[in-house]
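Reader: I have a few questions about the labels used for this model. Please set each value against its cut-off.

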Amino acid sequence: MTEMETLLQRAQALIFDCDGTLVQTPTLYAGAWQDAFRAAGHHMEPDWYHARAGMSEHVLLDDYEAEHGVTVDRPLAVREMRTAVLARIGEVSEIEVISAIARRFHGKLPMAVASGGPQEVVLASLKETGLLPLFDTVVTIDDVAHAKPAPDLFLEAASRLGVAAAQCLVFEDSHQGLEAAHNAGMPVVDVNRLIG
């Protein structure tokens with residue numbers, strides 16, 4: 001039995017990150033952030049975003065401002081980014097090796113999505129790919145005080161599912177998400193090893 005199968009056998013609930021884990025969105029987000037920074041009078045290279053894929057909006061903006069010594073019009077940038085993503089939501093596709101796990105355990109284990117993205121975008125992505133009905137609850141950055149790597153998103157998901165943190169299994173792709181799972185006291189699968 002593989003290490004992941006052992007973890008799945010022990011788990012009493014599954015928690016999935018969304019972007020880069022369940023759905024393929026980094027390229028979409030990179031383009032949307034480029035549009036957003038341009039609208040706010042700044043320039044952003046796609047590679048700069050890809051090194052930070054999975055960061056919540058204000059964490060990413062903190063990084064940009066600190067690195068570039070500028071102040072970004074945040075309400076404008078966030079609005080433009082979300083509008084650009086939603087306008088191109090049809091480009092989102094599921095990451096089948098991970099979504100297959102969610103389908104396998106649908107109705108067998110309680111399952112949640114815990115994403116650092118905004119609710120409107122996360123729900124739109126899950127609806128577009130047909131994945132939303134698989135999950136008992138969806139937790140987004142709009143529901144918690146602190147972004148990953150703080151454990152808030154995962155702890156809120158466990159609370160909603162009624163399962164102790166240590167008995168949940170997390171699927172994550174980003175460095176800050178993996179750290180958040182550890183900070184929550186949850187076993188975690190780095191999906192990069194599965195996606196290849």
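Reader: What makes Val 97, Leu 194 and Ile 195 a nonpolar patch on the surface?

Author: The model is predicted. A patch takes residues with over 30% relative accessible area and no salt bridge, and joins nonpolar side chains within 5 Å. Val 97, Leu 194 and Ile 195 form such a patch, and together they have about 200 Å² of accessible area. Leu 194 sits in helix α10, residues 192-195.

Reader: Why is Leu 194 called partly exposed?

Author: Its relative accessibility is 31%. Partly exposed lies between the buried limit, under 20%, and the exposed limit, over 50%, so Leu 194 counts as partly exposed.

Reader: Is Gln 176 buried or exposed, and how do you know?

Author: Gln 176, in helix α9 (residues 175-183), has 11% relative accessibility. Buried means under 20%, so Gln 176 counts as buried. Leaving out residues up to four places away in sequence, Gln 176 touches Arg 52, Ala 53, Gly 54, Met 55, Lys 148 and Pro 149. Its side chain reaches the backbone oxygen of Gly 54 at 3.4 Å.

Reader: Why is Glu 67 called partly exposed?

Author: Glu 67 belongs to helix α4, residues 57-68. Its relative accessible area is 48%. Exposed would need over 50% and buried under 20%, so Glu 67 is partly exposed.

Reader: What makes the pairing of the Glu 67 and Trp 48 side chains a polar contact?

Author: The distance is 3.1 Å. A polar contact needs N or O atoms within 3.5 Å, one able to donate a hydrogen and the other to accept it, so the pair qualifies as a polar contact. Beyond residues up to four places away in sequence, Glu 67 touches Trp 48 and Arg 52.

Technical notes
Residues numbered from 1 in each chain as written. Predicted model: local features only at pLDDT ≥ 70, side-chain atom pairs only at ≥ 80, totals over all residues. Heavy atoms only, no water. Patch = residues over 30% accessible without salt bridge, like charges linked within 9 Å, V, L, I, M, F, W, Y side chains within 5 Å. Areas by Shrake-Rupley, 256 points an atom, 1.4 Å probe, with all protein chains shown as cover. Salt bridge = Lys/Arg side-chain N within 4 Å of Asp/Glu carboxyl O. Helix = DSSP H or I, 4+ residues; strand = E, 2+ residues; numbered from the N terminus. Buried < 20%, exposed > 50% of the residue type's maximum accessible area, 1.4 Å probe, protein only. Contact = heavy atoms within 4.5 Å.
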